Amino acid sequence: MPTSKPAVLVTAATGRIGGSVVRSLAEDDSISLVAGVRSAAKAQALADQGIRSVLLDFDKPQTLGPALAGIDRVFLATGYSVDMLRQSKEFLDAAKKAGVRHVVHLGACGPDDTSVAHWAWHQLVERYIEWSGFSFTHLRPEAFMQNLLHYDGTQATHRGVIRQFIGDARISWVDGDDVALVASRALLQPQLHAGQTYRLGYDAKSYAEVAAIMTAVLGQPFRYEAQPPEVFLEEMRAAGAEMAYMACVYDSFKRTASGAIPGVDQTFDNFAAITGRQPVKWEEFVRKHRTALAY
């Protein structure tokens, strides 16, 4: 007797990570893929690719129940805002009522005892997922390599100059597409990844070291100019970002630059076991994004 395929909902399906998760899952015929989007225009763009979508807006709770109807597994990614706490709770409460079984949550970096505020907010969401009784996989990516391209709409690299805010500190990095690949594996085979917290960071580099790699790979001079973290706050304010969250990021930049956050350069060796591949390192990332970075 035939059985129906499990339905997998990807929230923020046109965002940086959610979009990559959708692309990773789109060709897998073992599941029924559903993309959560906030507008009819975005839904049409996905429909043109043969991908089913549902309207889902974290700030419109009335959209949650219909979007979650019939869903078995979800990828939960919220925006960079303090509202993520409320949004996540409302979404998870609706998911519980809808009968969702497995939740893959996109969190933030750090160990369980982190004191970095916005990292801890994500861990509170993790605990709520567990308390609610879902099968779960928690993802804790370190710094996204894509931040070198832009952060919340603000350009990070311009004509060979990298402007960032952590002094000469080395931090751990991950390609966002690798994070999406781990998420897709957990969504496709939740029985293998249930109960796991995956910290995802595979290349520890300072911005000066990244600039040297870019120079070698692209054959153009790149350099790093360390900026005061206060500049970051002003840029985020000008970009219209939600400042309660960005104030936490600002604080983490200050603490990273001063060496006050232990382990920010820690890397992990779990990627090959999860995906069967090697993680992207900085040289490969620069080659992959040559067009965006070259000048």
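**Helix 5 and its surroundings in a predicted model**

Helix 5, residues 117-131, comprises 15 residues. From its first C-alpha to its last it reaches 21 Å, close to the 21 Å expected at 1.5 Å a residue. The model is predicted. Eight names make up the buried set of this helix: His118, Trp119, Trp121, His122, Gln123, Val125, Glu126 and Ile129. These buried residues pack against helix 4 (84-98) and helix 10 (243-257). They also pack against two strands, strand 5 (102-106) and strand 6 (135-141). After helix 5 comes Gly133. The phi of Gly133 is positive, near 90°.

Val116 sits in the loop between strand 5 and helix 5. Its relative accessibility is 2%, so Val116 counts as buried; the cut-off for that class is under 20%. Leaving aside residues up to four places away in sequence, Val116 touches Ser252, Arg255 and Ile261. Asp251 lies 135 residues from Val116 in sequence. In space, the C-alpha atoms of Val116 and Asp251 are 8.1 Å apart.

Helix 1 spans residues 16-25. Seven of its 10 residues are buried, so helix 1 is largely enclosed by the rest of the structure. The buried residues are Ile17, Gly18, Gly19, Ser20, Val21, Val22 and Leu25. Their cover includes strand 1 (7-10), strand 2 (32-37) and strand 4 (73-76). Strand 5, strand 7 (143-144) and helix 6 (176-188) also contribute to the cover.

A compact globule of 295 residues would have a radius of gyration near 19 Å; the chain has 19 Å, which agrees. Along its principal axes, the C-alpha trace spans about 60 × 35 × 35 Å. Of the 295 residues, 53% count as buried. Contacts between residues at least 6 apart in sequence were also examined. Of these, 75% join residues at least 24 apart.

The accessible surface of the chain comes to about 13300 Å². Carbon and sulfur atoms account for 52% of that surface. The chain carries 30 positive and 32 negative side chains. The centres of the two charge sets lie 3 Å apart.

Methods
Residues numbered from 1 in each chain as written. Predicted model: local features only at pLDDT ≥ 70, side-chain atom pairs only at ≥ 80, totals over all residues. Heavy atoms only, no water. Rg over C-alpha atoms; globule rule 2.2 N^0.38 Å. Buried < 20%, exposed > 50% of the residue type's maximum accessible area, 1.4 Å probe, protein only. Contact = heavy atoms within 4.5 Å. Areas by Shrake-Rupley, 256 points an atom, 1.4 Å probe, with all protein chains shown as cover. Lys, Arg positive; Asp, Glu negative; His and termini not counted. Charge placed at Lys NZ, Arg CZ, Asp CG, Glu CD. Helix = DSSP H or I, 4+ residues; strand = E, 2+ residues; numbered from the N terminus. Expected span 1.5 Å × (residues − 1).
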